[in-house]
Amino acid sequence: MTVAHQHRRPLPLLTVQQIQSLQPNLADVVEYRKSGLSLNHIVGCPLECSYCVRHLYKNFEMKVPRALMSDEDAVLTLVNHQYFRPHITPIQLFNKATDPMLAIVKPHTFNTLRLLDERGLTNHVLVITRWRVDPEDCEVFNSFKNLKVTVLVTYSGIAHTGIEPVDSNIAANSLRTLYAHAEKYRTILYWRPIVPGLNDSDAHLRTAKALSEHAHASVFTGLFFRDEIAAYYAENELPDPYSQTARRKIMPEETEARILDLFHRPADHAEPWGPLFRKTSCAVAYAHGLADYNGHFGIQELCDICPKKQLGLCAAAWNAPALADAERAARALGATGPVEITERAIITEGLAEHPRYFLQHGYGFQVHDRAHPHRPRRHGRAEIGWQEGTPTP
């Protein structure tokens, strides 16, 4: 860790009363999300991206980052969490309430990584940023000996300052810097959110494709447009991207087709679309030369753009658990209805997202809720912008 990072003063801690005033899901510093067990003991962000998930936690107006606890206590909370498994559980750091590379947050990012690394943990750790990364930061990322660190740079190319005040060139420059200095860590172009009519012109797509040459892998995805975010758009008279909201991210079929057409290489190429992926964990796994820890291989239409070598890695690691074992584990976590294993996923009822992800990462096999089926070719996305199809569990 550089001297500058070592001597920066830590953020002030929120008082007990201030923490109690937060939404419970924000006050809880550990939350399971699909790409990992998420550690968020720093809250507050000045970047003001209109579509930020912070709207869901009712803290979008909290612009100055503050700490809920020390880095040391946060790491202890994480490793003692009921869903944490050493060397297995993927971890995300500061990805729901701040940006990990803000100047006053960055020392906590690096210190938290150091504390985890010194435990000898080899877990994946995802650091997602759209802010500035300099060569000195890369030196710190390269210093971790055990963790599999991936820095995902959020880039959209959105020029509408009411929707995204942060200049996308900041993210583009950070990605180039990270890629140029990468040794121990990997960096990914996190191309999101792609919104029709806003940042999906041919010029936007070509710019993103050129930028993808400065990453170990790229993942593209659409807009997470919930009611809380739509309300913010309406209140601030921002152009509605869609006429309705959705539980899942929105990536219209036509937009995806245009992206794939642009990236496509000759059919006999080992990487027909290059290192381009629909899912975050697929890109992370590819960048580290490993099989996807989310077990997406069971959803074959997800894999039709994957490099051939990666398909081999994922196929070798993908094995359905025994039904009796999966049922016993699901019941212990709260499943109520019948448990089924198909060639695509373990299907459960009454099991919340957190325990489903715990099972998914443990088995390396998809775990779905029967009430929310994954429809063919939509890849777990919202139905907006797709033709009607038959649900597939």
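The model is predicted, so local features need pLDDT of at least 70, side-chain atom pairs count only at pLDDT 80 or more, and totals for chains, interfaces and linings use all residues. Residues are numbered from 1 along each chain as its sequence is written, and side-chain values use heavy atoms, with hydrogens and water left out.

**Helix packing**

- Helix α8 (residues 202–211) and helix α10 (residues 253–263) cross at roughly 50°, and their axes come within 11 Å. Helices here are DSSP runs of H or I with at least four residues, strands are E runs of at least two, and both are numbered from the N terminus. Axes are lines fitted to C-alpha atoms, for helices over the stretch in contact, with angles from 0 to 180 degrees between N-to-C directions.
- That makes α8 oblique to α10; under 35 degrees counts as roughly parallel, over 145 as roughly antiparallel, 65 to 115 as roughly perpendicular, and the rest as oblique.
- On the α8 side you'll find Asp202, Leu205, Arg206 and Lys209, which meet Arg258, Ile259, Leu262 and Phe263 of α10 (contact means heavy atoms within 4.5 Å).
- That α8 and α10 contact has four nonpolar, no polar and four charged residues. Ala, Val, Leu, Ile, Met, Phe, Trp, Tyr, Cys and Pro count as nonpolar, Asp, Glu, Lys and Arg as charged, and the others, Gly among them, as polar.
- Helix α5 (residues 106–117) packs on helix α6 (residues 135–142) at about 20°, with the axes 10 Å apart, so the two are roughly parallel.
- The α5 and α6 crossing is left-handed.
- Lys106, Phe110 and Leu113 of α5 make this contact with Asp137, Val140 and Phe141 of α6, giving four nonpolar, no polar and two charged residues.

**Lining of the largest cavity**

- Helix α12 (residues 308–317) gives the most to the lining of the largest cavity, with three residues.
- By class, that lining has seven nonpolar, two polar and one charged residues.

- Arg192 and Pro193 are joined by a cis peptide bond, with omega about -15°. Pro193 sits in the loop between β8 (186–191) and α8.
- His87 isn't a glycine, yet its phi is positive, near 70°. His87 lies in the loop between α4 (71–79) and β5 (91–93).

Methods:
A crossing is left-handed if the near helix is turned anticlockwise from the far one by less than a right angle, and right-handed if clockwise.
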